[in-house]
Structure formats: structure tokens, C-alpha cells
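The sequence and the structure are shown first.

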Amino acid sequence: MKSLFLSSYFTEVKDLFVDYIKDNTKERTVTFIPTAANPEELKFFVDSDMDQLLKCGFKVEVLDISLHTEILIEKQINKNEFLFISGGNTFYLLQEIKRKNVDRIIKDFIDDHKTYIGSSAGSVILSKNISYIDRMDDKTIAKELHNNDSIGIIDFCILPHYKCEPFKKVADEIYEEYMKKTDIRALTNNQAIIYVNDGFITIGD
């Protein structure tokens with residue numbers, strides 16, 4: 001069975017994650033991909049999420065996919081049972097994923113029934129297309145991204161930071177625009193979407 005924990009801000013839902021994996025007895029080492037934050041001036045959320053994983057008892061191995069070859073990336077991701085992709089600019093993240101063929105690696109990882117953890121951009125990236133998030137993230141940063149087709153593991157769109165500052169206004173605008181066009185699921189920073197019993201459910205407040 002797939003194991004997916006998709007959040008808006010992992011730091012705020014760490015306890016939900018601990019409960020989600022409580023019966024998972026596999027070795028607690030996680031490959032942590034902070035790449036989406038590379039273009040961002042503020043990166044506190046990366047350090048915060050990493051700190052929460054350490055508090056959960058994980059050994060964290062950082063892998064910036066923009067800096068390494070496809071062969072090394074695949075080897076590093078496949079060696080661990082957990083994969084965490086953090087927040088930042090979703091378009092830049094997708095650009096780097098496509099440049100290194102990491103979309104294939106992620107699909108194989110999930111198909112192997114290992115645990116994928118997403119935070120903000122790391123959750124959005126599993127949608128079929130990320131065009132809907134362009135009001136929240138600056139797409140001009142990803143100058144080598146030729147289309148917004150994404151990994152496509154999920155058949156709905158995740159809208160992170162719903163009702164949460166500083167994204168409250170833009171998240172409202174995105175939701176109003178897309179709610180009648182597609183299956184868009186808004187997540188506050190205190191919620192997560194998990195895969196259980198062959199389906200997705202939203203947990204948290």
C-alpha cells in the first residue's frame with residue numbers, strides 16, 4: 001500500500017506524522033530534499049522541518065538534487081525508507097526534478113511502498129500539473145521549465161497554507177478560481193492529507 005503524508009507545513013503537523021507511522025518498524029533514516037528553497041531569501045521552514053524530523057527520532061540525510069547527478073540521486077533516495085521534500089518555490093523544484101529525471105525516481109520510490117513526506121511545494125509537486133499555484137510561487141524563477149506538467153501521483157491539487165498568513169489572501173484567490181474547475185483540496189498549516197485504505201483523507205484541524 002502507498003504511504004504518503006502530504007502537509008502544508010510539516011513543523012505544525014509533526015505529531016500527526018508520528019501517529020501515521022507509529023506501526024512502521026523500518027529503519028528511521030530519511031532522505032531530505034531542500035531544493036525548493038534554493039531561490040528563497042527566507043529558509044527558516046527548512047531548518048524547522050529538519051529539526052522536527054530529528055525530534056521524531058530520524059537520522060536526516062540532506063540531498064540537494066540541483067547539485068548532484070541522476071545516478072547519485074537515485075542511489076541516495078533508494079537507500080532509505082523515507083523521503084522528505086520540503087517547501088519553497090514549486091516551479092523551481094519541478095524544474096530541477098525534470099532536469100535530473102527525479103520524477104521517475106519518486107514514482108518508483110512510492111511504488112515500492114516506501115514513505116513519501118511532502119511539505120508545501122513537496123506536496124504540490126505530486127499533482128498532475130502545478131499551474132494553479134502560480135499566484136503563490138514566482139514561476140519566472142524556473143527559466144528552464146518548459147511546461148508545468150508534474151509528477152502526477154495524485155489526481156487532485158493540493159493548496160497549501162490555506163487561511164494562513166502571509167498566504168491567506170492569495171490562497172483564497174486560488175481556491176475561488178479553481179474550486180469549480182478541478183478537485184482542489186485546501187490545507188491549513190495544521191492539516192495533512194494521508195493515504196490510508198486505498199484512498200486519501202484529510203486529518204488535523
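## Pairing around strand β8

In strand β8, I194 is the bridge partner of F5. The model is predicted: local features need pLDDT of at least 70, side-chain atom pairs count only at pLDDT 80 or more, and totals for chains, interfaces and linings use all residues. Residues are numbered from 1 along each chain as its sequence is written, and side-chain values use heavy atoms, with hydrogens and water left out.

Strands (E, at least two residues) and helices (H or I, at least four residues) are DSSP runs, numbered from the N terminus. Two strands are said to pair if DSSP finds at least two bridges between them. Strand β1 (residues 3-7) runs antiparallel to β8, and 3 bridges join the two. Strand β9 (residues 199-204) also pairs with β8 in the antiparallel sense, over 6 bridges; here A192 stands opposite I203 of β9.

Strand β8 (residues 191-196) is mostly covered, with 5 of its 6 residues buried. Buried means under 20% relative accessible area, exposed means over 50%, and partly exposed lies in between (1.4 Å probe, protein chains only).

## The sheet as a whole

Strands of a sheet pair through backbone hydrogen bonds, either parallel or antiparallel. In this model, 7 strands form an open sheet with mixed pairing, in the order β3-β2-β4-β5-β1-β8-β9. Its edge strands are β3 (59-62) and β9, each of which pairs on one side only. Direction ignored, neighbouring strands of this sheet are turned by 20° against each other on average. Axes for such angles are lines fitted to C-alpha atoms, for helices over the stretch in contact, and angles run from 0 to 180 degrees between N-to-C directions.

T29 has K59 of β3 as its bridge partner.

## Turns and backbone exceptions

The strands β8 and β9 form a hairpin with 2 residues between them, and N197 in the turn has a positive phi of about 50°. D198, in the loop between β8 and β9, has a positive phi of about 65° although it is not a glycine. D198 is exposed, with a relative accessible area of 64%.

H113 likewise has a positive phi of about 65° and is not a glycine. H113 lies in the loop between α5 (102-111) and β5 (115-119) and is partly exposed, at a relative accessible area of 43%.

A cis peptide bond links E165 to P166, with omega near 5°. P166 is found in the loop between β6 (157-159) and α7 (168-178).

## Cysteines

A disulfide is a pair of cysteine sulfur atoms within 2.5 Å. By this rule the model has 0 disulfides. C164 is in no disulfide either, and the cysteine sulfur nearest to its own, that of C157, is 19 Å away.

Are C56 and C164 buried or exposed? C56 counts as buried because its relative accessible area is 16%. C164 is buried as well, at 13% relative accessibility.
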